[in-house]
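Subject: Structure for you to look at

Hello,

Here is the structure I promised to pass on. Please open it first, then read my notes below.

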Amino acid sequence: EKEFITYNLLLRKIFFMFSVIGGVGLVGNILVGDTVLPLVFGKNYDVQGFLSIAILTQIIVSYASIVVNFMIIPKGNAIVLKWIYLLTMIIYFPLLWVLMFKYQLLGVFSSILIVEIFVLLLLICYVLNTNLRKPL
């Protein structure tokens, strides 16, 4: 029981660390991106919005990675990942196609964010509906 509490505390710290890193990146982009990014990419490219979406996507991917690597795989349930990623791929390509043609690059970034949120929600639902929250 003590090991389980320690393990959960460790998971919370990892989630917090990824949240802080992502949050600092997102807030930094919002506060100084319009000044710094043109120096890096040139004044002809407005990438701040795309970078914000990319940072949000990376935060979601980090959370999903924690769920996969610390909850699903250690319990020997990696097979479910194949089904989740297959379903995601089936959804992603039509979504990408529609959003890309409607919103160009913004559609590409948005489709990736939407799909990664979907993956994270599927992973969380799987964990909550199985015995994966219990100690090893």
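Glutamine 104 is exposed, because its relative accessible area is 51% (buried means under 20%, exposed over 50%, partly exposed in between, with a 1.4 Å probe and protein chains only). Glutamine 104 sits in the loop between helix 3 and helix 4. Its phi is positive, about 55°, although glutamine 104 is not a glycine.

Some ground rules. This is a predicted model, where local features need pLDDT of at least 70, side-chain atom pairs count only at pLDDT 80 or more, and totals for chains, interfaces and linings use all residues. Residues are numbered from 1 along each chain as its sequence is written, and side-chain values use heavy atoms, with hydrogens and water left out.

Valine 32 is partly exposed, with a relative accessible area of 44%. Valine 32 belongs to helix 1 (helices are DSSP runs of H or I with at least four residues, numbered from the N terminus). Glutamine 48 is 16 residues away from valine 32 along the chain, and their C-alpha atoms are 9.5 Å apart.

Now the helix packing. Two packed helices are described by the angle between their axes and the distance between the axes. Axes here are lines fitted to C-alpha atoms over the stretch in contact, and angles run from 0 to 180 degrees between N-to-C directions. Angles under 35 degrees count as roughly parallel, over 145 as roughly antiparallel, 65 to 115 as roughly perpendicular and the rest as oblique.

- Helix 1 and helix 2: the angle is about 170°, with the axes 9 Å apart. The two are therefore roughly antiparallel. Their contact has 17 nonpolar, 9 polar and 1 charged residues (Ala, Val, Leu, Ile, Met, Phe, Trp, Tyr, Cys and Pro count as nonpolar, Asp, Glu, Lys and Arg as charged, the others, Gly among them, as polar).
- Helix 2 and helix 4: the angle is about 25°, with the axes 9 Å apart. They are therefore roughly parallel. The crossing is left-handed (the near helix is turned anticlockwise from the far one by less than a right angle; clockwise is right-handed). Their contact divides into 22 nonpolar, 2 polar and 1 charged.
- Helix 3 (residues 79-103) and helix 4: the axes come within 8 Å and cross at roughly 155°. That makes helix 3 roughly antiparallel to helix 4. The crossing of helix 3 with helix 4 is right-handed. Their contact has 23 nonpolar, 4 polar and no charged residues.

Last, how much space lies in the largest pocket? About 230 Å³. A pocket is an open set of points on a 1 Å grid, where a 1.4 Å probe fits, with protein on both sides within 12 Å along at least five of seven lines; lining residues have an atom within 4 Å of a point. Of the 12 lining residues, Phe15, Val67, Met71, Ile124 and Val127 are closest to the centre. Helix 1 (2-41), helix 2 (48-72) and helix 4 (105-128) each supply at least two lining residues. By class, the lining has 9 nonpolar, 1 polar and 2 charged residues.

Best wishes

Terms used. Grid points are joined across faces, edges and corners, and a volume is the space filled by probe spheres set on the points.
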